Amino acid sequence: MFNTLKGKTVLVTGGNRGIGLSIVKLLAHHGLNVAFTYNSNEAQATEVVESLKSDTAIIRKYKMNLEDEEAIYPVVEQIEDDFGSIDYLVNNAGIIRDNYMMLMDSDDWNKVLSTDLTGAFLLTKEVLPSMLANKGGAIVNITSIAGLIGVAGQTNYCAAKSGLIGMTRALAKEVAPKGIRVNAVAPGYVQTDMIVDVDLSSGTLEKIPLNRVASPDEIASVVLFLLSEGSSYITGTTIEVDGGLTN
């Protein structure tokens, strides 16, 4: 099922840590050439490249600020020059700036929307021509169950992730005739630095039927499936990977 992915090129945003890092590692393990972006901590990104050196896959890092529209195009152009084309895209990069709406300033609202939603739009728009030229491809957007159920203190994040689900559904219909599939993955609680301040002892785990948080690798495995031929008849779908929390 995954053999057809070997030698293809995937672009993963925010691939130097958390869920993004697990995605990069798993896709490289299955023989994909991986271009991943990071916004800060170049030393960490370099360490990722060094740790994944392979005889069968090419792994390269690219600094990209998704809030800077003018900076996105040259990075995509460089990736296409380096790899020849971009076959798959994983929009994973995201940030949080939590606060209750009454206390949230406009900068925190705009920064989250710009990175988590508008950034995905701008990057996807730049990558699509490569997929259209290839007459096929797949896009996976990493959203969140927060965009489905709402979370107090995260109006900006919930709005962005909900918008990403809507973008997934609409774009899937636009590009399906061109052989391009677009899907989303909505993780629940995942063991990353994004939940370090979440109190998981105050009944949160009891609400999850599987009674635990996910590992980043469990999210990455769903992304791998959605890029593969095993999901060739799936598009416009959001897969909830939340241990049953939203059931």
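Predicted model: local features only at pLDDT ≥ 70, side-chain atom pairs only at ≥ 80, totals over all residues.
Trainee: Which element holds Val90?
Mentor: Helices (H or I, at least four residues) and strands (E, at least two) are DSSP runs, numbered from the N terminus. Leaving aside neighbours within four places in sequence, Val90 has contacts (heavy atoms within 4.5 Å) with residues including Val10, Ile23, Val140 and Leu227. The element that holds Val90 is strand 4.

Trainee: And Asp87, where is that?
Mentor: Asp87 is buried. Among its contacts beyond four places in sequence are Lys8, Met131 and Ala138. Its place is the loop between helix 3 (69-83) and strand 4 (88-91).

Trainee: How far from Asp87 is the nearest side chain of opposite charge?
Mentor: Lys and Arg count as positive and Asp and Glu as negative, while His and the chain ends are not counted. A salt bridge needs a side-chain nitrogen of Lys or Arg within 4 Å of a carboxyl oxygen of Asp or Glu. Asp87 has no salt bridge, and the nearest side chain of opposite charge, Lys8, lies at 5.1 Å.

Trainee: Then which side chain makes a polar contact with the side chain of Asp87?
Mentor: A polar contact is a pair of N or O atoms within 3.5 Å; within protein, one must be able to donate a hydrogen and the other to accept it, and residues adjacent in sequence count only if both atoms are side-chain atoms. The Asp87 side chain also reaches a backbone atom, the nitrogen of Thr9, at 2.8 Å. Its side-chain partner, at 3.3 Å, is Asn134.

Trainee: Which side chain does Asn16 meet in a polar contact?
Mentor: Asn16 sits in the loop between strand 1 (9-12) and helix 1 (18-29). With a relative accessible area of 5%, Asn16 is buried. At 2.9 Å, its side-chain partner is Gln44.

Trainee: How many salt bridges does the whole structure have?
Mentor: Side chains of opposite charge can pair when their charged atoms come close. A search of the whole structure gives a total of 5.

Trainee: How far apart are the closest N and O atoms of Lys61 and Glu42?
Mentor: Lys61 is partly exposed, at 26% relative accessibility. Glu42 is partly exposed too, at 46%. The closest N and O atoms of their salt bridge are separated by 3.4 Å.

Trainee: How many residues apart in sequence are Glu67 and Lys111?
Mentor: These two form a salt bridge, with closest N and O atoms 2.7 Å apart. Glu67 lies in the loop between strand 3 and helix 3 and Lys111 in helix 4, so the pair ties together parts whose separation in residues is 44.

Trainee: Finally, what is the relative accessible area of Leu103?
Mentor: Leu103 is in the loop between strand 4 and helix 4 (106-134). Leu103 is exposed because its relative accessible area is 61%.

How values were computed:
Residues numbered from 1 in each chain as written. Heavy atoms only, no water. Buried < 20%, exposed > 50% of the residue type's maximum accessible area, 1.4 Å probe, protein only.
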